[in-house]
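The following report examines a single structural model.

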Amino acid sequence: MDDALFPLSPVEVAPGAVHVPGWLGPRAQRALVSRCREWARRSGGMRRHRMPRGGTMSVAMLSLGWYWRPYSYSATLPDGRPAAPFPPLLKRLALRALAAAYGEVPDPAPDYDVALVNFYDTDATMGMHQDRDERDDAPVVSLSLGDACVFRFGGTATRSGPRTDVELRGGDLFVFGGPSRLAYHGVPRTLRGTADPAAGLRSGRLNITIRASGLRRG
Ligand SMILES: O=C(O)CCC(=O)C(=O)O
Ligand SMILES: [Fe+2]
């Protein structure tokens with residue numbers, strides 16, 4: 001975004017689902033990678049959640065604003081401490097992302113208040129799922145850093161319907177809202193060794209999704 005050489009061309013993958021390749025330039029990627037490290041340090045690290053039906057997620061996660069584990073948000077961590085704060089930087093980035101993807105920011109602007117930071121080592125994957133633990137239908141804003149991945153984007157009706165595979169690289173933006181807000185999506189693989197070393201992530205992939213929880217505290 002800050003050091004793009006060419007005009008960005010958003011690609012509409014499905015109605016309301018837009019991929020903006022190369023949205024974050026190397027400097028912005030590097031800054032975000034180091035913020036992710038700082039957030040992980042402050043919040044006691046990333047964790048691989050257990051799934052309610054058994055098994056453990058291969059992706060390591062950290063949540064900001066609200067604490068997420070499969071499948072709900074809470075204001076506190078399992079040990080009773082409050083969830084890590086939601087960085088105002090991510091709210092600003094999310095609104096700029098909407099402008100880049102859709103050409104405008106809805107009025108009133110969505111109340112972004114939660115972010116999940118996912119770390120994929122080269123073997124990590126994320127199964128097809130819907131992001132449906134939020135009570136607000138604001139678009140989900142997704143930022144990718146480090147290694148590229150195959151991002152699988154399907155329909156809203158079933159996990160196994162028609163889908164489009166999109167390669168998400170470091171610096172790419174993907175926004176899904178409107179009729180695609182509840183689309184099934186997942187990450188069947190990451191592409192080892194494809195990160196731009198300038199972004200400061202030597203191996204693996206980071207993904208940040210910014211969401212509006214629609215939840216109120218207290
Ligand atoms: O890693 C990605 O690109 C997608 C992450 C995702 O779907 C999620 O955190 O719910
Ligand atoms: Fe998701």
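## Helix 2 and the annotated sites

Buried positions in helix 2 are L90, K91, L93, A94, A97, L98 and A101; a residue is termed buried if 20 or more other C-beta atoms lie within 10 Å of its own, exposed if 12 or fewer, and partly exposed in between, with C-beta atoms placed from the backbone. Viewed down the axis of helix 2, these buried residues fall within an arc of 165°, so they line one face of the helix; the arc is that of the directions from the helix axis to the C-beta atoms. The model is predicted: local features need pLDDT of at least 70, side-chain atom pairs count only at pLDDT 80 or more, and totals for chains, interfaces and linings use all residues. Residues are numbered from 1 along each chain as its sequence is written, while chains are lettered from A and ligands numbered from 1 in the order in which they are written.

Helices (H or I, at least four residues) and strands (E, at least two) are DSSP runs numbered from the N terminus. The face of helix 2 turned away from its buried side carries the exposed residues P88, L89, R92 and A99. The cover over the buried residues of helix 2 includes strand 2 (17-20), strand 6 (114-120), strand 8, strand 11 (173-176) and strand 13 (205-211). Just after helix 2, G103 adopts a positive phi of about 85°.

An unreviewed UniProt entry assigns the feature "binding site" to H129, D131 and H185. These three span 57 residues in sequence, yet no two of their C-alpha atoms are more than 8.6 Å apart, so they gather at one spot. UniProt positions are given in the numbering used here, feature names are shortened, and annotations may be inferred rather than shown by experiment.

D131 is located in the loop between strand 7 (126-129) and strand 8 (140-146), whereas H185 belongs to strand 12 (residues 185-191). The UniProt annotation "binding site" (unreviewed entry) also covers Y120 and N207, among others. Y120 lies in strand 6, and N207 lies in strand 13.

The table gives the C-beta neighbour counts of these positions.

| Residue | C-beta neighbours within 10 Å | Class |
|---|---|---|
| D131 | 16 neighbours | partly exposed |
| Y120 | 22 neighbours | buried |
| N207 | 25 neighbours | buried |

Contacts require C-beta atoms, placed from the backbone, within 7 Å of each other. Not counting residues up to four places away in sequence, D131 touches V140 and R211.

Definitions and conventions: Two residues are in contact if their C-beta atoms, placed from the backbone, lie within 7 Å.
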